Amino acid sequence: MKHLFFKGVRLTGSTVPADHSITSWTPSRVVVPLLPREIGLVPVGTAVKKGALLGEEGGFAPENGVVTEYREILHPILGKVFCAVMELHPKSEKKKSKKYALRGAHNREDILQAVRQAGIINESTGEYLWKELETWFQEPPAYVAADLLEDDPLCGAGAALFISDREKVLQGMEYLASALPGVPRKMVWNSRWMEENRETMPSKYQLRLTGRYPAWVLYLQKTGDTAVRIGIQALAAMTEAVEEGIPQTHTVVTVSGEMLPHPGRYWVPVGTPVGELLTHCGVGARPCQAVMGEALTGQAVLDPDTPITVSTRGITVWTPQKARLDDRAFPCIGCGKCQSVCPQGLEPWVVQEALGLDPVPERMLWRVEGCSQCGVCRAVCPSGIDLTACMKQAAELRKRGGLT
Ligand code: SF4
Ligand code: SF4
């Protein structure tokens with residue numbers, strides 16, 4: 001599964017999608033998160049059209065359908081979220097193959113407003129794109145990198161999306177230039193497949209990294225660049241928002257793991273319940289342990305109605321027995337692996353030792369704020385210690401102050 005390097009790990013496996021195709025699938029119902037607050041709700045029983053706002057402050061109907069109820073869900077990444085449940089009656093639409101003429105100059109304010117109204121999330125960071133564009137305008141990064149990375153094979157869909165919707169994504173790069181005048185743009189990739197498809201990327205944008213995880217963090221650590229990432233999905237959504245006023249209603253999720261007969265990438269409505277998608281993928285009613293998020297940092301899904309959001313990049317499914325084995329933890333044996341792989345040059349073993357002392361000595365929590373929560377240290381620890389959680393706890397302790 002993983003090979004060790006001086007920094008980072010290489011993740012591989014036979015339970016990931018065999019190719020770069022994306023399959024479109026629509027469930028019979030969706031559970032749409034309404035963020036940030038539950039006001040101005042559409043009444044239960046109302047028929048709504050695709051793209052309609054379900055709450056005054058956000059949450060779009062991803063397809064035509066009827067609102068059947070509102071309920072709270074414990075989401076493994078977002079915490080408690082208030083959601084609209086909809087029965088879907090999708091209208092069959094012919095897929096339009098539109099040509100984009102790469103129009104560059106555009107009004108910055110118009111782009112920001114379109115991105116905001118469309119509720120676009122940058123899937124590489126999980127943040128609202130309009131907020132990030134504002135921040136990047138105030139404090140320009142060295143460059144913005146369109147994210148085609150596949151260092152995490154259980155999540156990476158950027159490359160597949162780029163190849164399937166190239167013109168729309170490249171037009172999004174032009175709008176990005178108008179929103180952030182003077183900030184250079186790149187396309188960052190690391191897979192052999194993108195190397196073979198290199199001619200599809202304009203040569204002026206190309207930036208190739210090594211294949212190991214976490215490739216982006218390792219690269220920034222090495223170069224000292226203050227660069228930022230934008231998802232391929234966000235770029236395509238930006239084009240649709242600016243040119244057609246279409247909100248972001250769908251997302252790509254990679255579904256993989258040993259329990260799946262056919263791992264794959266699915267284009268689904270936002271709010272698709274994890275349980276319905278897994279049933280469609282062939283898991284059926286068998287007991288399973290599903291994890292949502294990246295390979296090394298994912299969280300267990302406890303409710304089959306947990307909605308897929310734009311920032312859900314992967315779902316991995318194991319048998320419960322395997323998942324239980326992975327939960328075991330033993331005392332630190334001082335092997336030093338966690339320190340050698342950390343892309344930020346931190347010492348997780350020292351931090352976990354410090355947390356076991358009373359009082360916790362601050363000098364042992366050196367630079368814990370620099371932790372990117374990549375999960376590599378936890379993955380390589382032979383004792384199974386949750387070092388990522390230790391780093392997070394230590395950073396919170398430091399922030400609170402009062403340590404000796
Ligand atoms: S989770 Fe933090 S401490 Fe662990 S390897 Fe990643 S950056 Fe280093
Ligand atoms: S990898 Fe685990 S066992 Fe090894 S030094 Fe780090 S915390 Fe200890």
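Reader: Which element gives the largest share of the shell around ligand 1?
Author: That's α13, with 3 residues. Helices here are DSSP runs of H or I with at least four residues, strands are E runs of at least two, and both are numbered from the N terminus. Keep in mind that this is a predicted model, where local features need pLDDT of at least 70, side-chain atom pairs count only at pLDDT 80 or more, and totals for chains, interfaces and linings use all residues. Residues are numbered from 1 along each chain as its sequence is written, with chains lettered from A and ligands numbered from 1 in the order in which they are written.

Reader: OK, and which residues come nearest to ligand 1?
Author: Cys342, Cys371, Cys374, Val376 and Cys377, out of 15 residues around ligand 1. "Near" means that the C-beta atom, placed from the backbone, lies within 6 Å of the molecule. The elements giving two or more residues to that shell are α12 (376–380) and α13 (387–400).

Reader: How does the shell around ligand 1 split by class?
Author: It has 10 nonpolar, 5 polar and no charged residues. Ala, Val, Leu, Ile, Met, Phe, Trp, Tyr, Cys and Pro count as nonpolar, Asp, Glu, Lys and Arg as charged, and the others, Gly among them, as polar.

Reader: Switching topic: where do the domains run?
Author: Domain 1 is 11–91 + 249–323, domain 2 is 100–244 and domain 3 is 328–400. Those bounds come from an automatic or database domain assignment.

Reader: How many residues of domain 2 are in contact with domain 3?
Author: 5 residues of domain 2 contact 5 of domain 3, where a contact means C-beta atoms, placed from the backbone, within 7 Å. On the domain 2 side, they divide into 4 nonpolar, 1 polar and no charged. The C-alpha centres of domain 2 and domain 3 are 32 Å apart.

Reader: On to helix packing. At what angle do α4 and α7 pack?
Author: About 80 degrees, with the axes of α4 and α7 (residues 232–244) 7 Å apart. That makes α4 roughly perpendicular to α7. The axes are lines fitted to C-alpha atoms, for helices over the stretch in contact, and angles run from 0 to 180 degrees between N-to-C directions. Under 35 degrees counts as roughly parallel, over 145 as roughly antiparallel, 65 to 115 as roughly perpendicular and the rest as oblique.

Reader: What about α1 and α4, how do they cross?
Author: Helix α1 (residues 108–117) crosses α4 (residues 166–179) at roughly 120 degrees, and their axes come within 8 Å. That makes α1 oblique to α4. Arg108, Ile111 and Leu112 of α1 meet Tyr175, Ser178 and Ala179 of α4.

Reader: Last one: where are the cis peptide bonds?
Author: One joins Tyr213 and Pro214, with omega about -5 degrees, and Pro214 is in the loop between β12 (206–208) and α6 (215–223). Another runs from Asp358 to Pro359, with omega near 5 degrees. Pro359 lies in the loop between α11 and α12. Arg367 is in the loop between α11 and α12 too, and has a positive phi of about 55 degrees although it is not a glycine.

Note on methods: Two residues are in contact if their C-beta atoms, placed from the backbone, lie within 7 Å.
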